[in-house]
Amino acid sequence: MDVIQTKSLTKTYNGQGGISDVTLSIGEGIIYGFLGPNGSGKSTFVRTLLGLLQPTSGEGYILGEPIGSTKSREQVGYLPELFRYPDWLTGTQLLETHAELCKIPVRQRKKRIAEVVELVGMTGREKGRIGGFSKGMSQRIGIACAILNDPKVIFLDEPTSALDPIGRKDVRDLMVYLRDQGKTVFLNSHLLHEVESVCDNVSIIHQGEMIVQGPWRELMMTEAQVEIVTEGVVAAQFPAFVKTHQKGNEKNGFTRWTLQLESDKDIPKLLHFLSAEKVNVFEVKPNIPHLEDVFLYWVNQKKENAYVDNQ
């Protein structure tokens, strides 16, 4: 079942900005990365899904229920990018208030609060006043509020923005834990290396429009790159399916090459070819792209296409 589904969902402000014609489907039990430059419409999209903004046109569903309906929000948790809680409350009091709003039975609240406090790494500090929390502790209590009602879908908007490296790892581990429990985590983030470490599927949005979506490792399979170290080879010996070659370091008769191939399926063909040519190959290392490479590639493609269309 698609946990989140949109069809040409659009939200503009007086005909400008926002998001336009976004269509996607997200299954259950995954961490889904929603990526884009600042101001690209990421937060607008999430707020529209949650019913905090009224869509201009299009459709959206969460767990099969129309966005904006009470039923679509009953099994949802949400951590906004910018949030503030009353300074005078303790962490426990805040969670008790949220438990009441979520209609968690009174006899279950104490146990559930203790569980989420432990999950976000706040055990022993939850009784402190929020006004005395660091940015990182405030972020942790916000995440605790987002998962308190044991939701099936969790929207996290820049969840690690105020955390130190240890805190960021804790949040990544928590997202993986939630995924392993069958939850769907929708992650808005500009920290691409963090998205890369936990997400399999992503969407990239630019200027309010969806550029591309899918497993991010497959989104860069338009080309393949490999590094090899050889002895006794010249560029003329490379086969035709080597699109480009760049000579690197030479040392003690060995040469490092960076080769651009038409496809990663050409790597075995390359090795067979060099072997037939009696070229000694001492190292082969495919250059696997990072999510930042994928992101920049597709954003630049969008910009280039827009430039051509305007000519």
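Guide: Welcome! Helices (H or I, at least four residues) and strands (E, at least two) are DSSP runs, numbered from the N terminus. This is a predicted model, where local features need pLDDT of at least 70, side-chain atom pairs count only at pLDDT 80 or more, and totals for chains, interfaces and linings use all residues. Residues are numbered from 1 along each chain as its sequence is written, and side-chain values use heavy atoms, with hydrogens and water left out.

Visitor: Where does Thr90 lie?

Guide: Thr90 sits in the loop between β6 (76-79) and α3 (91-101).

Visitor: Why does Thr90 count as buried?

Guide: Buried means under 20% relative accessible area, exposed over 50%, partly exposed in between (1.4 Å probe, protein chains only). Thr90 has 12% relative accessibility, so Thr90 counts as buried.

Visitor: And why does Lys42 count as buried?

Guide: Lys42, found in helix α1 (residues 42-49), counts as buried because its relative accessibility is 8%.

Visitor: Which residues does Lys42 touch, not counting residues up to four places away in sequence?

Guide: Contact means heavy atoms within 4.5 Å. With that exclusion of residues up to four places away in sequence, Lys42 touches Phe34, Leu35, Gly36, Pro37, Asn188 and Ile205.

Visitor: What makes β12 and β14 edge strands?

Guide: Two strands pair if DSSP finds at least two bridges between them. Four strands form an open sheet in the order β12-β13-β11-β14, with antiparallel pairing. Here β12 (242-251) and β14 (280-286) each pair on one side only.

Visitor: How many bridges join strand β11 to β14?

Guide: Six bridges join β11 (residues 224-231) to β14, and the two run antiparallel. Among the residues involved, Val226 has Pro286 in β14 as its bridge partner.
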